[in-house]
Amino acid sequence: MSAFSENLRKYRKRKKLSQAAVSKKLNYGYTAVANYESGRNEPSIDTLIKLAELLDVTVDELVGAKMQTEEKQLLAAFKKLNPIKRRIILALINILVS
């Protein structure tokens, strides 16, 4: 089983959604998610994005992309900021990388 298949199952269960419920929300047949979780099929990029949004995770989390510890810490801290502070941080980053 791929990291994606395992993560899809894990995040779906965390949201307390059945495979059929997720498939219905995506306007797919009731077995679509079961096929993703078993590894029989893989979603398109568009579907992957929709799944991530539905399950409140990033596409990276869903596909099992590994982030470095420092990146995880930065992202976690950034997510805790209010919108104004986020804009300030983004502006500073843009200045620093220019």
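Start by selecting Asn7: setting aside neighbours within four places in sequence, Asn7 is in contact (heavy atoms within 4.5 Å) with Glu61, Leu62, Val63 and Gly64. Asn7 sits in helix H1, residues 3-14; helices here are DSSP runs of H or I with at least four residues, strands are E runs of at least two, and both are numbered from the N terminus. Buried or exposed, then, for Asn7? At 13% relative accessibility, Asn7 counts as buried, where buried means under 20% relative accessible area, exposed over 50% and partly exposed in between, with a 1.4 Å probe and protein chains only.

Before you click on, some housekeeping. Residues are numbered from 1 along each chain as its sequence is written, and side-chain values use heavy atoms, with hydrogens and water left out. You are looking at a predicted model, in which local features need pLDDT of at least 70 and side-chain atom pairs count only at pLDDT 80 or more, while totals for chains, interfaces and linings use all residues.

**Colour by confidence**

pLDDT is the predictor's confidence in each residue, from 0 to 100. The chain averages 93, and 98% of the residues score at least 70. Which helix comes out lowest in confidence, and which highest? Helix H6 (residues 69-80) is lowest with a mean of 86, and helix H4 (residues 45-55) is highest at 97. Where pLDDT is low, predicted coordinates should not be read in detail.

**Back to H1**

Now pick Phe4, also in helix H1. Phe4 is buried, with a relative accessible area of 9%. Leaving out neighbours within four places in sequence, show what Phe4 is in contact with: Tyr36, Pro43, Leu48, Leu51, Leu62 and Val63. Then draw a distance from the C-alpha atom of Phe4 to that of Glu42: 8.8 Å, for two residues 38 apart along the chain.

**Helix H4**

Select H4 next and show Thr47, Leu48, Leu51, Ala52 and Leu55, which are buried. They are on the same side of H4, because they cover an arc of only 140 degrees around the axis, the arc being that of the directions from the helix axis to the C-beta atoms. What covers these buried residues? The cover includes H1, helix H2 (19-25), helix H3 (32-38) and helix H5 (59-63). Following H4 comes Asp56, with a positive phi near 60 degrees.

**Two loop stops**

Go to the loop between H1 and H2 and pick Lys16. Lys16 is not a glycine, yet has a positive phi of about 60 degrees. With 76% relative accessibility, Lys16 counts as exposed.

Next, in the loop between H2 and H3, find Asn27. Asn27 is another non-glycine with a positive phi of about 60 degrees, and at 69% relative accessibility Asn27 counts as exposed.

**Last stop: H6 and H7**

Show H6 together with helix H7 (residues 83-97): their axes come within 8 Å and cross at roughly 135 degrees. Axes are lines fitted to C-alpha atoms, for helices over the stretch in contact, with angles from 0 to 180 degrees between N-to-C directions. Phe78, Lys79 and Lys80 of H6 make the contact with Arg86, Ile89 and Leu90 of H7. The residues of this contact divide into three nonpolar, no polar and three charged. Here Ala, Val, Leu, Ile, Met, Phe, Trp, Tyr, Cys and Pro count as nonpolar, Asp, Glu, Lys and Arg as charged, and the others, Gly among them, as polar.
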